[in-house]
Amino acid sequence: MVDEVTSHEFQSVVSEFIKKMGFSIESADILDDGSIDFHAVTKNPMGAKVYSLIRASPYSRLVDESDINLVFDKMGDMGAVRAAYITTSGFSESAVEGAKEKPISLINKYQLIDSIEKRGLLEDKTLMKSLESFGMGERHFQGHEQSFIISKKRDDIILYFKSKKPKNSKMSKPNLRY
């Protein structure tokens, strides 16, 4: 999954998503931990450029408040008015609290999929296949991980959830709904 892919592949996937969201990417910097900082631009209604920093992190650890503070500091350095932090993992409580006081949107893999769905991008098979390769093609609903990938067959979904089962646990059949 994420650990087995290069930062370049992750950069391509997230770059495609950012472009689909209406941003232009001026540059992308790969950080030492494999995260990528995208320097993105949109235009306001008057036609002026609006700069944003979008950090995408492919690692599995929770993003914490110090990570949020680093993004906020970098925003100031580059003149960005807003930022987004996209992760294949999640955010600690302190990160969520820290971001409330800053113009930073936190986007975990489930929120990313919700955003894609709201914008009608689920039909973009290339984007969805790329996101699936990073474990980002699943949903979280009422505390349970669920597969929602329309392109997957029932047997593929069952195999996916069986592969996530700990070796010594007993798991009943997945509850599949159509």
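Over residues 140-150 the pLDDT stays under 50, and the model has 23 contacts for them beyond four places in sequence. The structure is a predicted model, and its chain averages a pLDDT of 78, with 71% of the residues scoring at least 70.

**Confidence along the chain**

- Within the chain, confidence is highest in helix α2 (residues 65-78), at a mean of 95, and lowest in strand β7 (residues 144-147), at 47.
- Residues 1-5 have a pLDDT below 50, and this stretch has 8 contacts in the model beyond near neighbours in sequence.

**The sheet**

- Five strands form an open sheet in the order β1-β2-β3-β4-β5, and their pairing is mixed.
- Strands β1 (24-30) and β5 (104-107) are the edge strands, each of which pairs on one side only.
- On average, neighbouring strands of this sheet are turned by 20° against each other, with direction ignored.
- In general, the strands of a sheet pair through backbone hydrogen bonds, in either a parallel or an antiparallel manner.
- Strand β1 and strand β2 (residues 36-43) run antiparallel and are joined by 6 bridges.
- Opposite I25 stands A40, a residue of β2.

**Helices on the sheet**

- Helix α2 packs on the sheet and touches β1, β2, β3, β4 (82-87) and β5; the direction of α2 makes about 150° with that of β3.
- Helix α4 (residues 109-118) also packs on the sheet, where it touches β4 and β5; the direction of α4 makes about 100° with that of β5.

**Residue S52**

- S52 belongs to strand β3 (residues 49-57).
- S52 counts as buried because its relative accessible area is 2%, and the cut-off for buried is under 20%.
- The side chains of S52 and R82 make a polar contact at 2.9 Å.
- Apart from neighbours within four places in sequence, S52 is in contact with F23, F38, H39, A40, M78, A80 and R82.

**Residue H39**

- H39 is located in strand β2.
- With a relative accessible area of 15%, H39 is buried as well.
- When residues up to four places away in sequence are not counted, H39 touches S24, I25, E26, S27, D29, S52, K74 and M78.

Key. Residues numbered from 1 in each chain as written. Predicted model: local features only at pLDDT ≥ 70, side-chain atom pairs only at ≥ 80, totals over all residues. Heavy atoms only, no water. Helix = DSSP H or I, 4+ residues; strand = E, 2+ residues; numbered from the N terminus. Buried < 20%, exposed > 50% of the residue type's maximum accessible area, 1.4 Å probe, protein only. Polar contact = N/O pair within 3.5 Å; in protein donor to acceptor, adjacent residues only side chain to side chain. Contact = heavy atoms within 4.5 Å. pLDDT = per-residue confidence, 0-100. Pairing = 2+ DSSP bridges. Axes fitted to C-alpha atoms, helices over the stretch in contact; angles between N-to-C directions.
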